[in-house]
Amino acid sequence: MSSDTLAKVPAAPDIPERADVPRIVPRRRTGQWTAAAVVLALLGLAVNSLLRNEAFQWDVVADYFTSGSILRGLWLTLWLTAVVMVLGFALGTLLAAFRLSANPVLRAVSWGYVWLFRSIPILVQLLLWFNIGALYPQVFGVRTVNLLGPVAVAVVGLTLHEAAYAAEVVRGGILSVDHGQIEAAQALGLSRRRRLRRIVLPQAMRSIVPPAGNMLIGTLKGTSIVSVIAVNDLLFSAQLIYHRTYQVIPLLMVATIWYTVVTSVLSAGQYYVERHYARGSERTR
């Protein structure tokens, strides 16, 4: 295009600003800011009450927080949580396999187990196992009173209880995997074990890890119930001290803080495990 042609092109007319064009005003969020201010005020009152209320006796809390008996109780609580989770998920995985089996007897047994142990409260289960000697004084010539001590009763009762929930968690995770993935693996000639290890489990873990993490935290806190059968866990250790010193609130705060610390660590670990298994998916946070 020549310079003469460019000269003949009329310039774009200036568009005058219109006075009646509405101006964009940011939306006022008065309600949200008011609610935030109220929440912060209540939070400040709660923190002030915790710090200034002399009934908490924070100096006593500091004295007993790392005492030997408390740390031994904490160690037993952590050990009991780890053992129960490992055994519970091992048994729960087996029950989930039974539930997904084509054998109707195995499916019925798995369903009945889950129904029974989810129906009975955990405290009732522990008390029944603790008093098993009243039903079966001897098993294979061994007195059950000597066979099942308080710690063994806690392991058995909590494991059987957790296995019922773990079975449903594992079964739900396996069922969440698209069946087309399994058919594609079969078409490639992968064996059943390799299909399970390479195809099914990596995808199922995305659905298994969140409820499993919640179960782990719930088991940690649920172990406090074994104090009713005189298992020397964290709560029972605190109870032994305040029964002697009558400092109930400070010792309960010691147990509360330790439970909070361990739960926070487990929650952080769960977050990173979830991110690991969520790689490649849209939701990675």
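## Burial and overall architecture

A residue counts as buried when its relative accessible area is under 20%, as exposed when it is over 50%, and as partly exposed in between, with a 1.4 Å probe and protein chains only. By this rule, 29% of the 285 residues of the chain are buried. The model is predicted: local features need pLDDT of at least 70 and side-chain atom pairs count only at pLDDT 80 or more, while totals for chains, interfaces and linings use all residues. Residues are numbered from 1 along each chain as its sequence is written, and side-chain values use heavy atoms, with hydrogens and water left out.

Helices (H or I, at least four residues) and strands (E, at least two) are DSSP runs, numbered from the N terminus. The chain has twelve helices and two strands. Their order from the N terminus is α-α-α-α-α-α-β-β-α-α-α-α-α-α. A contact is defined by heavy atoms within 4.5 Å. Among the contacts in the chain with a separation of 6 or more, 77% involve residues 24 or more positions apart.

## Aromatic pairs and the nonpolar core

A pair of aromatic rings is described by the distance of the centres and the angle of the planes. Rings of Phe, Tyr and Trp (its six-membered ring) pair if their centres lie within 6.5 Å; planes under 30 degrees apart are stacked, over 60 edge-to-face, and the rest tilted. Five aromatic pairs are present in the structure. In one of them, the ring centres of Phe65 and Trp258 are 4.5 Å apart and the planes stand at 0°, so this pair is stacked. The pair links distant parts of the chain, since Phe65 belongs to helix H3 (residues 58-65) and Trp258 to helix H12 (residues 248-277), 193 residues apart.

Trp258 is buried, with a relative accessible area of 14%. Not counting residues up to four places away in sequence, Trp258 touches Phe65, Ile70, Leu71, Leu74 and Leu234. A nonpolar core is a set of buried Ala, Val, Leu, Ile, Met, Phe, Trp, Tyr and Cys residues joined through side-chain atoms within 4.5 Å. The largest such core has 17 residues, and those with the most contacts inside it are Ile70, Leu234, Leu251, Trp258 and Tyr259. At least two residues of this core come from each of helix H4 (68-99), helix H11 (234-245) and H12. H12 supplies the largest share, seven residues.

Gln125 lies in helix H6 (residues 122-130) and is buried, with a relative accessible area of 3%. Apart from neighbours within four places in sequence, Gln125 is in contact with Phe117, Ile120, Gly157 and His161.

Thr159 is located in helix H8 (residues 150-175). Thr159 is likewise buried, with a relative accessible area of 8%. Its contacts, leaving aside neighbours within four places in sequence, are Val84, Leu87 and Gly88.

## The largest pocket

A pocket is found on a 1 Å grid over the protein atoms alone, as an open set of points where a 1.4 Å probe fits, with protein on both sides within 12 Å along at least five of seven lines; lining residues have an atom within 4 Å of a point. The largest pocket has a volume of about 570 Å³, where volume is the space filled by probe spheres set on the points, which are joined across faces, edges and corners. Its lining has 18 residues, and Leu100, Ile174, Arg192, Leu196 and Val200 are the closest to its centre.

H4, H8, helix H9 (179-187) and helix H10 (192-222) each supply at least two residues of the lining. The largest share, eight residues, comes from H10. By class, the lining has eleven nonpolar, four polar and three charged residues; Ala, Val, Leu, Ile, Met, Phe, Trp, Tyr, Cys and Pro count as nonpolar, Asp, Glu, Lys and Arg as charged, and the others, Gly among them, as polar.

## Loop residues with positive phi

Gln57 is in the loop between helix H2 (30-52) and H3. Its phi is near 50°, a positive value in a residue other than glycine. Gln57 is partly exposed, with a relative accessible area of 31%.

Tyr246, in the loop between H11 and H12, has a positive phi of about 65° although it is not a glycine. Tyr246 is exposed, with a relative accessible area of 70%.
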